[in-house]
Amino acid sequence: MSEDWMRFLFYKRSAFMGSEKSFDEAAYIVFGVPFDATASYRPGARFAPTEIRVISEYLELPEEESIKLADLGDLPLTNSVEIMLRRVQEASSKIIAAEKIPVILGGEHTLTLASASEIGENVGLVIFDAHLDLRNEYMDTRLNHTTWLRRLLEKRKIAKVIVVGARAYVKEEQEYAKENGVQIVSSLEISYDLKASVEKLSDLVSDVDGVYLSIDLDVLDPGYAPGVSNPEPQGISPLSFFELIKTFSKIGLRGLDVVEVNPLFDQGQTAANAVYAIYHALLTSSTTSS
Ligand SMILES: [Mn+2]
């Protein structure tokens, strides 16, 4: 018996931006990482992949049709940071091997330790974040959302690392950044002069073949994005945020993750800003490449 009536009568919510493309048809491959087991302050980022997908279907994104995207769903639930990282690494490397671009919906920031370790040789890592995530250890562990970038830089060489919108860090992190060539463009610098910051950042990435963008929503001021796990005042505005994302995506997007959205403290603004961030990144990169 035909089961067509099911398809006509029921709506299956499954995909980011409502995309129904297959893996083969798509240029961008979305997957979710519902993981927040190392959260130090407010757990809840594990619910973000679902929340981001839901809100993405209600936002009016004018040119979303031109973005070729497939959504694979979420990685399985786990409370093991090692197992989460192994799965993210495996998924990212398979997507890159198929010559497609991974788009990851976190989850906490720790996942970038695995996904960014898969980027190519002359690719820059651009991180939007209030924090530097360069501690050696925090709350008695060495592998968590405050140390992942240090673990990554210990593991492999990356052509260029830039943290955009930073404002909340300790001395140890500042020193590590200086010694290891991590460039910092603070939220204050961006707020004083957006145009100069866009020019400075364009210059900084002019010698790489592409960028991996890692976007922690706490880069925004908590007034625009209260639904994050570690809110920090003095953040940037959505306008600066999207302009900077477009600047980087123009030179070629090699991977993207959006992390630290926490739906338990959100009324939709943070998740909506996350969707817009992904939209601007993918649209800019779709229209400037190929
Ligand atoms: Mn952060």
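Let me begin with a pair of helices: α8 passes α9 in a right-handed crossing. Everything I describe comes from a predicted model. Helix α8 covers residues 194-204 and helix α9 covers residues 238-249. The two pack at an angle of about 25°, and their axes are 10 Å apart. Angles under 35 degrees count as roughly parallel, so α8 and α9 are roughly parallel to each other. On the α8 side, the contact is made by Leu-194, Val-198, Leu-201 and Ser-202. On the α9 side, the residues are Ser-240, Glu-243, Leu-244 and Thr-247. Sorted by class, the contact of α8 with α9 has 4 nonpolar, 3 polar and 1 charged residues.

Staying with α9, I turn to its other partner in this talk, helix α10. Helix α10 runs over residues 269-288. The axes of α9 and α10 come within 8 Å and cross at roughly 30°. That angle makes α9 roughly parallel to α10. The crossing of α9 and α10 is right-handed. From α9, the contact uses Pro-238, Phe-241, Phe-242, Ile-245, Lys-246 and Ser-249. From α10, it uses Asn-273, Tyr-276, Ala-277, His-280, Ala-281, Thr-284 and Ser-285. In this contact of α9 with α10, 7 residues are nonpolar, 5 are polar and 1 is charged.

Helix α10 also meets helix α2, which spans residues 48-56. Are α2 and α10 roughly parallel or roughly perpendicular? Their axes come within 9 Å and cross at roughly 75°. With 65 to 115 degrees counting as roughly perpendicular, α2 is therefore roughly perpendicular to α10. The α2 residues in this contact are Glu-51, Ile-52, Ile-55 and Ser-56. Facing them from α10 are Ala-271, Ala-272, Ala-274 and Val-275. By class, the contact of α2 with α10 comprises 6 nonpolar, 1 polar and 1 charged residues.

In soluble globular proteins, nonpolar side chains tend to be buried together. In this model, the largest nonpolar core has 84 residues. Which element gives the largest share of this core? Helix α10 does, with 9 residues. The residues with the most contacts inside the core are Val-211, Leu-213 and Ile-278. Leaving out residues up to four places away in sequence, Ile-278 touches Val-103, Leu-256 and Val-258.

Now some backbone details. Most residues other than glycine have a negative phi, and most peptide bonds are trans. The peptide bond from Gly-106 to Gly-107 is cis, and its omega is near 10°. Gly-107 sits in the loop between β3 (101-106) and α4 (112-115).

Met-139 has phi near 50°, and Glu-260 has phi near 70°. Met-139 lies in the loop between β4 (123-128) and α5 (148-155), while Glu-260 is in the loop between β8 (253-259) and α10. Which of these is buried and which is exposed? Glu-260 has 31, so it is buried.

The loop between β4 and α5 also holds Ala-130. With 29 other C-beta atoms within 10 Å, Ala-130 is therefore buried. What does Ala-130 touch, not counting residues up to four places away in sequence? The list is Gly-165, Ala-166, Arg-167, Ala-168, Asp-218, Val-219, Glu-232 and Gly-235. Ala-130 and His-280 are 150 residues apart in sequence, and their C-alpha atoms are 20 Å apart in space.

Last, Gly-120, which is in the loop between α4 and β4. Gly-120 has 13 other C-beta atoms within 10 Å and is therefore partly exposed. Gly-120 and Ala-159 are separated by 39 residues in sequence and by 9.1 Å in space, C-alpha to C-alpha.

To recap on the helices: α9 is roughly parallel to α8 and roughly parallel to α10, whereas α2 is roughly perpendicular to α10. That is the end of my part.

Methods:
Residues numbered from 1 in each chain as written. Predicted model: local features only at pLDDT ≥ 70, side-chain atom pairs only at ≥ 80, totals over all residues. Axes fitted to C-alpha atoms, helices over the stretch in contact; angles between N-to-C directions. Helix = DSSP H or I, 4+ residues; strand = E, 2+ residues; numbered from the N terminus. Parallel < 35°, antiparallel > 145°, perpendicular 65-115°, else oblique. Left-handed = near helix turned anticlockwise from the far one by under 90°. Contact = placed C-beta atoms within 7 Å. Nonpolar A, V, L, I, M, F, W, Y, C, P; charged D, E, K, R; others polar. Core = buried A, V, L, I, M, F, W, Y, C linked by C-beta atoms within 7 Å. Buried ≥ 20, exposed ≤ 12 C-beta atoms within 10 Å, placed from the backbone.
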